[in-house]
Amino acid sequence: MSEKLFKHKLYVKKNSDVSFTPETLEKIQTIISHYPEGRQKSALIPILHIAQEEFGGSLNVDIMDYVAGLLNITPIEVYEVATFYSQFYIDPVGKYVIEVCQTGPCAICGGEDIMHYLEEKLQIKVGETTEDKLFSLKGVECLGACGSAPVMQVNTEFHEFLDIKKIDEIIAKLRSESEFKKPEELTWKERLS
Amino acid sequence: MFKVTIDNKSIEVEPGTTILQAARMIGGDVVPPAMCYHSELKDSGGKCRTCMVKVAQGSVADPRPMPKLVASCRTEVMDGMVVQNITSPEVVDARKAVVEFLLLNHPLDCPVCDQAGECDLQNLSYEHGTNTSRFEEEKRTYEKIDIGNLIQFHPNRCILCYRCVYAANQLTDNRVHGILYRGEKSEISTFIHQAIENDFSGNMIDVCPVGALTDKTFRFKNRVWFLKPMDAHRECTKCSGKATLWYRGEEVYRVTGRKDKYGEVHDFICNECRFEKKNSSDWVIEGPRKIESYSVINQNHYKNVVIPSVINPIKETME
Amino acid sequence: MERKIILENIEIEGIRSLEVYRENGGYKSIEKALKTMTPDEVVNEVKTSGLRGRGGAGFPTGMKWSFIDKKSGNPRYLVCNADESEPGTFKDRYLLQHIPHRLIEGMICAAYALGANTAYIYVRGEFKTIIGILNEALKETYKAGLLGKNIHGSGYDLDIYVHTGAGAYICGEETALLESLEGKRGNPRLKPPFPAIKGLYGCPTVVNNVETLANIGWIVNNGGETYSKIGIGRSTGTKLISACGNINNPGVYEIELGLPVEEFIYSDKYCGGVKGGKELKAVIPGGSSVPILPKNLMLKTAEGQPRLMSYESLSEGGFITGSMLGSGGFIVYDEDACIVRNTYNFSRFYHHESCGQCSPCREGTSWMESVLYRIENGEGKMKDIDLLVSIASKIEGNTICPLGDAAAWPVGAAIRHFRSEFEFHIQNPEIVKNIKHGKLPLTPKGE
């Protein structure tokens, strides 16, 4: 149940340096070209997706202001859109965002049990992120895969016909994946060993 | 010209006129109340659902009734259209429902609200509301946010009419606030820490139908019904300079745009006129402003207010 | 009778690719439409076919097309609604995943008929795989000269782009979808004006569901008349049904409209009966928005006629004893399913998905959820049941878009048919409170 005191939270602009790579900018120009001239705002949602993916999984004020600049629209227009759609995260999330479908068809096929199991397994409540910033657990509404209920998505990758065993496997796999650091993330000692 | 009949009263209007505008031309009880529509703000209306009416006959050409109630503020008349406002029990019922919905989460803090006495929602619930509430849940509340030194913002009171957003969009050159989030969690906000500051931001106060946006410089200074409104004008390079000054004794307590009987301002004023010109000497006084509205602002006229058979008791007694 | 139109050849390996799709007769309709037919002739064929919108409302497609304003001088747009989010519905996802060219072929014919040179496919953001598949398919189509300038030497130009949503059920409503496509919040617009007059960027626009458009190629190839003979009465053609819930074979089935519901539920060709050999309790036949029906009314109408999978038969009896075909999201509940919990679940869904623009929906959906939450958790009062009926009736018909109705109908129907279950919850708070989660028998047997 939703709590009734809404955090009327105001965010802070940190003026950190945000910019897309030239390749991404090119991709964005292509997206903009799909819409008639003067209608570049249409590209906002696709670009926010790209921004979220490239800048660490969530959108902050600086990112949104940067996108507003790219599209020549006001920042508030971006905030309005980013807060409307549930796929955009304004607050930081873990590396893997686990979104369990909790709507009717999944619920009658065990979706609620899956959610409870994940809460126990990850030691967090719905809406929280694990301490190691690896997993965020979210409940989402219908993912449009009711025939393979219960389902969840991890960073938009679908997992279907879930049961406890499958969850264990998925979490184990994600945990092990995250242990492999990219070369640039390694300390020189790690590199030598 | 199109002929339209509303609650058995007919009028001829230009094509393109909405039902609400036609009703206002007829005047009186046929006029549906409106919370989110503002005739000076493009695209406003259609959201609050208080102005819904029944179209009993679509037009001469297509006399079928419309299947659902329609928002009179955004539905254009057709020739031969027959509309029912308070003569339709369905409309009265739906309006009651809308008032109930609007009040679910609206705080009942009229005694400490600066808008009291000139609040559209107060008037609306006075006319169409009930004395008891069926809502047992906790009301939705928000933490306060500061939007600058001129405008006081009470998010709890907002009914999401979008008027201030349209006003900021259409009257100012840089809108910094908007509707954020979705559904029941929607809210008016600037999203980041910043003040709403531009030459015309004060008009957001005038277009707000409730006490969500009020004049910070007037906050808790006085009750509006103790003040005497005077129309006045001044030479202003930024705006029309046509305003209403609100006096108590010789002192100007606040300056607002001139609201008509539907609570609409047609000549928007700039922040300089509104917030900085609070001396009589700044203005040319035209004379007392007649408050035509049946709002509780005319509190001295409360008489026989509880007459169940009379739909609009205050108005009746005022006239 | 087996009849495949949309899912024809779906079992062929590689049908997702243009090459295999063409080898099996794909894209023939383009040549026929663009070279031998005028746009109006295509519209007329679709009119003749009796095809009705497959997104849920069932509005005749040909008629929708004929409303498009051809005199405005503004560009016209075709928009494909692939924002499939109605709980219980996953047919479009299945179609796009396996045979994306069926949609593209239909869209080319449709865009030609409407005189549109630009078309968008609005895909819900969660369907990332689908977006990839569609983009790949479009690339192939461009390469083959079936899209772009001067298609097949006909002088007709068409560009199709994929546009991504970002998680909002409301964007399945056509005007909210257009707002979203313009890069705004998905707030539905007031109608009139309808999109056919003022749609995308204020220009004449037609918005059609994926499945609707996937039928167009076949209609062009075989003629509207032939199509109109498939199905039953005014429910012509076939329909994709997404079957889910407590059944043995969940999945997407293409059925000829008119198939008996009983056969659909119990035949091994379709749902294969209720899972675990349990009794059937209730069905929501058209996606979560349409009224739930108990077993007896689902299999037979109030008059005792067998209930058929068709627009007319499913809605026979109105909302008192009937339901709707809707989007074809067929959700089956077994005897152990808790209707109250399920109703609460859907009311939470609609509360979450309301755009918040108009007051009855914004406030009403949240209120219904709160009351249902109380009942579901053993804190309800008897008067809450009538309160729910009252709130639902006050939302219904009073909102800008149909989401208000969609939120109100399930609540009204659940109470209409399963009132005793709500009463049981209220009268037995201790039993209700001790149930953790998941499915447990809450209904007095014999309901």
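This is a predicted model: local features need pLDDT of at least 70, side-chain atom pairs count only at pLDDT 80 or more; totals for chains, interfaces and linings use all residues.
Local features need pLDDT of at least 70 and side-chain atom pairs count only at pLDDT 80 or more, while totals for chains, interfaces and linings use all residues. Residues are numbered from 1 along each chain as its sequence is written, and chains are lettered from A and ligands numbered from 1 in the order in which they are written.

Let's start with chain B. Its domain assignment gives domain 1 (2-94) and domain 2 (110-288), with bounds that come from an automatic or database domain assignment. Taken over C-alpha atoms, the centres of domain 1 and domain 2 of chain B are 27 Å apart. Where the two meet, 14 residues of domain 1 of chain B are in contact with 15 residues of domain 2 of chain B; a contact here is a pair of residues whose C-beta atoms, placed from the backbone, lie within 7 Å. The domain 1 side of this meeting has 5 nonpolar, 4 polar and 5 charged residues. In that count, Ala, Val, Leu, Ile, Met, Phe, Trp, Tyr, Cys and Pro are nonpolar, Asp, Glu, Lys and Arg are charged, and the others, Gly among them, are polar.

Two residues of chain B are worth a look for their backbone angles. Most residues other than glycine have a negative phi, and most peptide bonds are trans. Asp7(B) is not a glycine, yet has a positive phi of about 45°. You will find Asp7(B) in the loop between strand S1 (2-6) and strand S2 (9-13) of chain B; helices (H or I, at least four residues) and strands (E, at least two) are DSSP runs, numbered from the N terminus. Arg49(B) has a phi near 75°, again positive in a residue other than glycine, and lies in the loop between helix H1 (19-26) and strand S3 (52-57) of chain B.

How do their surroundings look? A residue is buried if 20 or more other C-beta atoms, placed from the backbone, lie within 10 Å of its own, exposed if 12 or fewer, and partly exposed in between. Asp7(B) has 19 such atoms within 10 Å, so it is partly exposed, whereas Arg49(B) has 25 and is therefore buried.

Now move to where chain B meets chain C. The contact takes 24 residues from chain B and 21 residues from chain C. On the chain C side, the elements that give two or more residues are helix H16 (339-353), helix H17 (359-376) and helix H18 (382-395). H17(C) supplies the largest share, 8 residues. By class, this side of chain C has 7 nonpolar, 11 polar and 3 charged residues.

Pro192(C) sits in the loop between helix H8 (174-181) and strand S4 (205-209) of chain C.
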